[in-house]
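Subject: Structure for you to look at

Hello,

Please find the structure below, with notes on what was found in it. Keep it open while you read.

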Amino acid sequence: MAILTEGLAFHERQDPLARRTGARGRKARRPGHNLLVRLRDYRDDVLRFLTDFTVPFTNNQAERDLRMMKLRMKISGTFRTLEGAQVFADIRSVISTVRKHGGNILETLTLSPQQIIARL
């Protein structure tokens, strides 16, 4: 917490980012400032891997799933529709989540979307 407090104080001392004329809403923050705020606000979630050994240290599985989707697009050239790409991504996400929880992938894929959501 001391490191986060020090980092946030540093960013608060920085000059504000330039804004477009007539811009509305909250002031923009630097990416580092946004990261520190998220780490502070979601500290328990970010550090969950320290107390729950079923939580992976990294999000490598999510990155592998994304690479698989990119590879699929590269091999076939592209998805025919945006809807097809979304369906592929949704199915990969479900498969990845079921695998991570040790569930039966084929059984899960036979369920309705509402049943899948209820199980996950």
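Start with Arg48 and Asp45, which form a salt bridge whose closest N and O atoms are 2.4 Å apart. A salt bridge here is a side-chain nitrogen of Lys or Arg within 4 Å of a carboxyl oxygen of Asp or Glu. Side chains of opposite charge can pair when their charged atoms come close.

Before the rest, some notes on the source. This is a predicted model, in which local features need pLDDT of at least 70 and side-chain atom pairs count only at pLDDT 80 or more, while totals for chains, interfaces and linings use all residues. Residues are numbered from 1 along each chain as its sequence is written, and side-chain values use heavy atoms, with hydrogens and water left out.

Salt bridges

By the rule above, the count is three salt bridges. Besides the pair already named, Arg40 and Asp41 meet through their side chains at 2.9 Å, N to O. Arg43 and Asp44 make a salt bridge as well, with the closest N and O atoms 3.9 Å apart.

How open to the outside are these residues? The terms are buried (under 20% relative accessible area), exposed (over 50%) and partly exposed (in between), computed with a 1.4 Å probe on protein chains only. Arg48 is partly exposed at 35%, and Asp45 is partly exposed at 45%. Arg40 is partly exposed at 37%, and so is Asp41 at 46%. Arg43 is partly exposed at 36%, whereas Asp44 is exposed at 57%.

The chain and helix α2

The chain has seven helices and zero strands. Helices (H or I, at least four residues) and strands (E, at least two) are DSSP runs, numbered from the N terminus. Of the 120 residues, 16% count as buried.

Which residues of helix α2 (residues 31–41) are buried? They are His33, Leu36 and Val37. Seen down the axis of α2, these buried residues fall within an arc of 100 degrees, so they line one face of the helix. The arc is taken from the directions from the helix axis to the C-beta atoms. The buried residues of α2 pack against α1 (2–13).

His33 has a relative accessible area of 7%, so it is buried. Leaving aside neighbours within four places in sequence, His33 is in contact (heavy atoms within 4.5 Å) with Leu8, His11 and Glu12.

The second largest pocket

His33 is also among the residues that line the second largest pocket, together with others including His11, Glu12, Gln14 and Arg30. A pocket is defined on a 1 Å grid over the protein atoms alone: an open set of points where a 1.4 Å probe fits, with protein on both sides within 12 Å along at least five of seven lines; lining residues have an atom within 4 Å of a point. The volume of this pocket is about 200 Å³; grid points are joined across faces, edges and corners, and a volume is the space filled by probe spheres set on the points.

The lining divides into three nonpolar, three polar and five charged residues. Ala, Val, Leu, Ile, Met, Phe, Trp, Tyr, Cys and Pro count as nonpolar, Asp, Glu, Lys and Arg as charged, and the others, Gly among them, as polar.

Gln14 sits in the loop between α1 and α2 and is partly exposed at 29% relative accessibility. Gln14 and Arg30 are 16 residues apart in sequence and 9.5 Å apart in space, C-alpha to C-alpha.

Regards
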